[in-house]
Amino acid sequence: MQRVADAGGRYAPRAQRGLANLARLSGDFPTALAAVPTLGWKGRHYRVLGDIRWSQGDTGRAVAAFEAGRAEAEQHSAAGERAMMQVRLAIAVSFADPVRADDELALAHLLLDGLDQRSNTLLAQVVALIKDAGTHGVPDRAQSLHSDIEAAGLPFLHRFVELAAAFHHAVRDEHQDLAATISRLRELTASGDFAYFVDVAHFMAGLPLPGPSATRWTESEEHVRSSWRRLVEARQEHLRTGI
């Protein structure tokens with residue numbers, strides 16, 4: 001991909017996006033972020049930016065990036081990209097604002113209707129788990145979604161389901177269930193891709209990391225930790241007060 005990107009041909013934007021995504025998947029967020037200004041529309045710069053932001057608990061800036069990406073997709077009449085941006089926007093919103101997430105998820109389903117986007121349709125079900133985190137029935141729904149993901153042959157999505165489960169257990173202070181979820185996440189990310197999800201699960205519950213992490217955040221580790229923990233505490237408050 002580096003050779004294709006350096007050549008500057010018609011496939012260079014895709015190769016540049018691929019390199020940025022590889023950096024993000026490995027937890028090298030500064031490298032991924034540095035690539036964003038070079039991507040442009042063809043490299044789906046807003047999608048890459050939003051994925052970087054929400055992964056670090058920065059849901060506000062993630063939503064802004066995905067909204068911009070959705071608008072850009074509409075300008076280019078790219079229905080598939082527009083739906084993809086809406087699902088990602090719903091992910092970011094679902095952690096921070098479960099009330100708004102209902103509307104964003106409904107729009108995601110509307111935009112996905114008629115499109116052949118099985119992975120994003122399943123990811124929308126992950127969004128539903130996140131927005132309902134802390135309420136009854138989430139673990140059973142997560143298990144059912146694991147079965148659907150297995151049947152669809154999209155194993156990378158198992159990691160997202162477990163991240164949603166980690167958020168749920170952190171909100172409910174279910175320490176044993178969270179430990180089991182973290183163990184599954186560790187197994188699912190043993191290749192290195194999405195290994196930062198394990199860090200995030202610890203941050204959600206206010207737990208120390210068991211050892212040094214290979215993740216490089218764009219902010220300090222403590223800042224990212226605090227961001228994720230605040231999202232959990234905000235959900236706890238929402239469940240207590242309904243506000």
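This report describes the fold, the nonpolar core and the aromatic pairs of a predicted model.

Residues are numbered from 1 along each chain as its sequence is written. In this predicted model, local features need pLDDT of at least 70 and side-chain atom pairs count only at pLDDT 80 or more, while totals for chains, interfaces and linings use all residues; side-chain values use heavy atoms, without hydrogens and water.

**Overall fold**

The protein has 13 helices and 0 strands, taken as DSSP runs (helices H or I, at least four residues; strands E, at least two) numbered from the N terminus. Its radius of gyration is 17 Å, close to the 18 Å that the globule rule gives for 243 residues, so the protein is as compact as a globular protein of that length. The radius is taken over C-alpha atoms, and the rule is 2.2 Å times the number of residues to the power 0.38. Along the principal axes, the C-alpha trace spans about 50 × 40 × 35 Å. Of the 243 residues, 53% count as buried (under 20% relative accessible area, with a 1.4 Å probe and protein chains only).

**Nonpolar core**

The largest nonpolar core holds 72 residues, of which Trp54, Phe95, Phe167, Met204 and Trp228 touch the most other members. Such a core is a set of buried Ala, Val, Leu, Ile, Met, Phe, Trp, Tyr and Cys residues joined through side-chain atoms within 4.5 Å. Helix 6 (residues 79-96) gives the most to this core, with 10 residues. Beyond its neighbours within four places in sequence, Phe167 is in contact (heavy atoms within 4.5 Å) with Phe95, Ile130, Ala133, Met204, Leu231, Val232 and Arg235.

Met204 is also met by Arg229 of helix 13 (residues 221-241). The backbone oxygen of Met204 lies 2.7 Å from a polar atom of the Arg229 side chain.

**Aromatic pairs**

The structure holds 15 aromatic pairs. Rings of Phe, Tyr and Trp (its six-membered ring) pair if their centres lie within 6.5 Å; planes under 30 degrees apart are stacked, over 60 edge-to-face and the rest tilted. Two of the pairs are tabulated below.

| Pair | Centre distance | Plane angle | Class |
|---|---|---|---|
| Phe95 and Phe167 | 5.1 Å | 80° | edge-to-face |
| Phe203 and Trp217 | 5.9 Å | 50° | tilted |

Phe95 in helix 6 and Phe167 in helix 10 (residues 157-171) are 72 residues apart, and both are buried. Phe203 in helix 12 (residues 196-205) and Trp217 in the loop between helix 12 and helix 13 are 14 residues apart; both are likewise buried.

Definitions and conventions:
Buried means under 20% relative accessible area, exposed over 50%, partly exposed in between (1.4 Å probe, protein chains only). A polar contact is a pair of N or O atoms within 3.5 Å; within protein, one must be able to donate a hydrogen and the other to accept it, and residues adjacent in sequence count only if both atoms are side-chain atoms.
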